[in-house]
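Hi there,

Here is the structure I promised to pass on to you. Please open it beside this email, so that you can look up each place as you read.

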Amino acid sequence: MSSSRVDKNGVGITLLSASGKWVAHVHTALAYTAFVGCLLTAMALHYKKIVKNEFYGYPEEWFPSVSATIGDWFPERNLFQVLIAVASGPRFALIGLWYLLTSHRNTKLPAIVACVGLLRTITCGGWVYVTSSDNHDWHDIFMISYLLLTIPWNFGVMAVSPVNPRAMKLRKRMAACFYGVIVPLVYFFIQHKVHRVPGAYTIYAFLEWSLILFDVGFDSITALDFDTFELRVVDVAGKSAGKPETKGARSAEVEKAKKEKGYVYAQTTAFSKNEALDFVADCYHGFVFWTTLTSLGVCVWYFPLWNMGISGYEAMLVTTLAPVFLGIGPLRRIIAANPGVFHLLSLIGIVSYRIEDPAHRLMCVGAGVALTTSTWCAIFQSLRGKDGEMERMSTAWGIGLVMSNVVKYACFSNNPLWPIMNDKTGGWNKTGIALAILACVRTIVRQRRVGEQTPVLEGNKKQEKMGSVFFAACGLAGLLFALQSLLSDSTTMILWVWDGFPVRGPLAVPHGAVTMIAMSVGIILSTFSNGFGRNWVFYTIACISTFFLHKIPGWFGYYGALILTVYLMSLIPEFFRSAATVNKPGRVFGLAWLFYCLFVLAHVWVVAYEFVPGGPLLRERTDLVLTFMMGFIGLGVYNATSLHGHGRSKQAQAKLQPMKASTRSAAYGKSVLSILCAAAIAIAYLRFPTYDFKPYHPEEKLFTAGIWTIHFGLDNDMWASEIRMRDAIRDLELDVIGLLESDNQRIIMGNRDLTQRVAEELGMYADYGPGPNKHTWGAALLSKFPILNSTHHLLPSPRGELAPAIHATLDVYGTRVDIIVSHNGQEENPEDRFQQTTELARIMREDSDRPLVFLGYVVTKPHEGNYPILIDDAHMHDIEPEDWDRWCEYVAFRGVKRVGYARVSRGTITDTEIQTGKFVVVDADVDEGMEVVPSYRRVGEGEVPEGYRYPGMFRGEGVRGHRYHVFDEPWYYD
């Protein structure tokens, strides 16, 4: 920095000059001083107050979080705000100088980055000056907005950076550190918030402070670029020297600097707006592919589900075999030359939500599946020999799967574009279709712009055969099945390793975001090296990880799941390249989809529903399905390895596209994946439960329990039913409910979790029950009360489907109360039902000495068959022995006072009613209470306290198709 009154250029006097790097230095110094100064002041004046949180204080917690440091106490809060205000000047100057440095590129990206920087600075002011104690909601809104804007700011700055290897290297390291801290940050926050681990918040606080250091440090690197600037204060009129004003005088150095600044734009092709938009459009096409493909199983499942037998509509699965027609050369070339048009035609699958009739809707979905599978396979075949374009397109296809997961994560595991969704069920159909049309138009325009592209090696009859059709098809089929069965929903493998309460492993929220990050890592690794698809060591590790996933519950099983996730996603480019290289598209893709269909059927057979022909062949043999899956992938690895060893002809080598294009595509892919991962983390944060759930009638120490068979969340007209289920449970004021036929984590059911929306929006704890690898119909437990412990049982089933049961212990107003939820087998297998009921009676008799409520699906008439085993042998009391009109669902109890009983019609949601009971926790000794025989004397509603009464809205015609039925009103007891 210098001050001079010497006229250097004859056009003015330079009063003050400084290097532009000082703007970055001053901003860094002020920002760090604000945070560090506030921290030191707070620790000196209010140490024990700022380290105290909602659960622990000093000495368990001994380091404060950022929010506790800057937001609550005088004078540190005021000191921090003053210094941040002073730092705002250099901050705005930094953004302005960065724009000037990069604005001469032939793109609007620098202006966009500058706008993001301004918005980010304003949101920073929001969470600084509106603290959590002032307004918690607005503080969080500003903070989340700031974090989300950090992502485009970081990647935007790196995208437009001038040629400065040292600065770029430091930026990448600083950004990697910033984003690398987020995962452990979330982990220790959960340890604190959910598990209440002493000291976890201190570790969280250190990680939170490290985010500040890396965030400010990222911006400090601009000093290395700003040293090309010199900031001057020039008296162009000479007034400071007493000279008269000289009109039109300008500093020659300023003009010279503008001319010389062009050296930083040597590589103007580093970013292309058109290429980036084209890549995003392709990613969205991938998203539509996965949306359409995953919707097929859900729509097919509706028909055998409601018919309770084979319906004939299962044949729509063969629409996935449409790529076999790619063996017809003219058809394949037409599709490859007009991908945008065929992507547009394939939208019939998601537009079908407008059709009310389920059969017609399924037909349209099948047409969409046939078109989208054929289009993508034709595209991949047309890129044979174009490694750069193949990598680009396969990356976009894989990103489409990640995008599908993110969207499902935001919508409680339902894809909002599925044809089972609409405006009333939480669908985003219109928005999704509009974006899909824009993506198709973009692709059509691109095709017209670049001209028709013919496949490089297609039609060369004399070219030697490369690779095996069978092995390539096996590898691709195994990969397709693995991706859809395990990774089409981020929570599927989490539920594979779920083992009940207390929590000993991952949760859907927030660890679903971790699964999506692992998926993204796999895609990014594939852009660094194609060797994953040819490496037997990685394949062996993936096989071991699959074993961990299948056999080991909890964290170790999930670690295996994450490793397998990274591996599967990294295979995508290599396996599609291998399939295209064979140069027999009709055979290899047709055979791959045929094997895929067989895998899907096996995926159904492992559960072996009673009405599925041939089901017992693979009943409860997920281990065999996984073995074949990994074996098929192994054949694909072998084929890729042989292709690599075989090499390519000189002609093919000469026609390979330069990897420069692939490098740009990899950069776009990383940017899109970073945005998707950030969105996943934000969704996890927003969905993270507060765990301050409240029962409906705590004053009376009353809880209402119910049992409901929900028919896998598909209503009579093939629409998703979670929202109406939620409303019915809420309006009935159910504190505890058992949900049966709830396990949807299979391809044929869309890989959904029905408990997520209901539990989160009603404020309930959720136990999903035995996971999808346990081969049951599913049984889940939702509770307003903390679930202290839960054990999952697979009841004896020598002939039919496995029957699930949950034995849970709840903390009900300070009293431990056990809940049993079970789903026994069907009437076709009386021996199964006998053994299952006998085991349930043993569990209730021998494994519990506490108050207990049974909520189950028994399949027997009152006082006949297995009824005495369930009631008498288990030392239980039927909620109403004189209710003779029962067959499936039963409620029984002991050790609590039953004060009400009601049966509520199903509406159009399912085929089974809701049975409910109202119970009061007694203050007497548990053993004494269990020996008391309950009263069965019914009383009028006016004779019970108001808090004991059922809602009046269900009387008469009821609401939304739900009403009190059988005896048309609730029954009450003294």
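This is a predicted model: local features need pLDDT of at least 70, side-chain atom pairs count only at pLDDT 80 or more; totals for chains, interfaces and linings use all residues.

**Two pairs of helices**

Let's begin with helix α16 (residues 387–410) and helix α20 (residues 508–528). They pack at an angle of about 175 degrees, and their axes are 10 Å apart. Angles over 145 degrees count as roughly antiparallel, and α16 and α20 are therefore roughly antiparallel to each other. On the α16 side, the residues that meet α20 include Glu391, Thr395, Leu401, Val402 and Tyr409. On the α20 side, Pro510, His511, Met516, Met519 and Ile523 are among those that meet α16. Sorted by class, this contact has 12 nonpolar, 8 polar and 1 charged residues.

Now compare that with helix α12 (residues 329–337) and α15. Here the angle is about 90 degrees, with the axes 8 Å apart. Angles of 65 to 115 degrees count as roughly perpendicular, so α12 and α15 are roughly perpendicular to each other. From α12, the residues Arg332, Ile335 and Ala336 take part, and they meet Ser374, Thr375, Ala378, Gln381 and Ser382 in α15. The residues of this contact divide into 3 nonpolar, 4 polar and 1 charged.

**Two helices on their own**

How far does α15 reach from its first C-alpha to its last? Helix α15 covers residues 358–382, which is 25 residues, and it reaches 36 Å, close to the 36 Å expected at 1.5 Å a residue. It is mostly covered, with 21 of its 25 residues buried. At its start, a side-chain oxygen of aspartate 357 comes to within 3.1 Å of the backbone nitrogen of alanine 359.

Among the buried residues of α1 are Val23, Ala24, His27, Thr28, Leu30 and Phe35.

**Residues that meet across the sequence**

Serine 220 is found in helix α8 (residues 200–220). Is serine 220 buried or partly exposed? Its relative accessibility is 23%, so serine 220 counts as partly exposed. Serine 220 and leucine 94 are 126 residues apart in sequence, and their C-alpha atoms are 9.5 Å apart in space.

Isoleucine 13 lies in strand β1 (residues 13–19) and counts as buried because its relative accessibility is 4%. Isoleucine 13 and valine 234 are 221 residues apart in sequence, and 5.4 Å apart in space from C-alpha to C-alpha.

Next, find histidine 775, in the loop between β7 (765–767) and β8 (779–783). With a relative accessible area of 8%, histidine 775 is buried. Which residue's side chain does the side chain of histidine 775 join in a polar contact of 2.7 Å? The partner is threonine 622. The backbone oxygen of asparagine 773 also lies 3.5 Å from a polar atom of the histidine 775 side chain. Besides Thr622, histidine 775 touches Val606, Val607, Glu620, Arg621, Arg746 and Leu802, leaving aside residues up to four places away in sequence.

Most residues other than glycine have a negative phi, and most peptide bonds are trans.

- A cis peptide bond joins phenylalanine 501 and proline 502, with omega about -5 degrees. Proline 502 is in the loop between α19 (492–496) and α20.
- Another cis peptide bond joins valine 509 and proline 510, with omega about 20 degrees. Proline 510 lies in helix α20.
- Phenylalanine 412 has a positive phi of about 60 degrees, although it is not a glycine. Its place is the loop between α16 and α17 (429–450), and at 12% relative accessibility it counts as buried.
- Methionine 718, also not a glycine, has a positive phi of about 65 degrees. It is found in the loop between β3 (702–709) and α28 (722–731), and it is buried, with a relative accessible area of 0%.

Enjoy exploring, and write back with any questions.

Best wishes

Definitions and conventions:
Residues are numbered from 1 along each chain as its sequence is written. Side-chain values use heavy atoms; hydrogens and water are left out. Axes are lines fitted to C-alpha atoms, for helices over the stretch in contact, and angles run from 0 to 180 degrees between N-to-C directions. Helices (H or I, at least four residues) and strands (E, at least two) are DSSP runs, numbered from the N terminus. Angles under 35 degrees count as roughly parallel, over 145 as roughly antiparallel, 65 to 115 as roughly perpendicular and the rest as oblique. Contact means heavy atoms within 4.5 Å. Ala, Val, Leu, Ile, Met, Phe, Trp, Tyr, Cys and Pro count as nonpolar, Asp, Glu, Lys and Arg as charged, and the others, Gly among them, as polar. The expected span of a helix is 1.5 Å times one less than its number of residues. Buried means under 20% relative accessible area, exposed over 50%, partly exposed in between (1.4 Å probe, protein chains only). A polar contact is a pair of N or O atoms within 3.5 Å; within protein, one must be able to donate a hydrogen and the other to accept it, and residues adjacent in sequence count only if both atoms are side-chain atoms.
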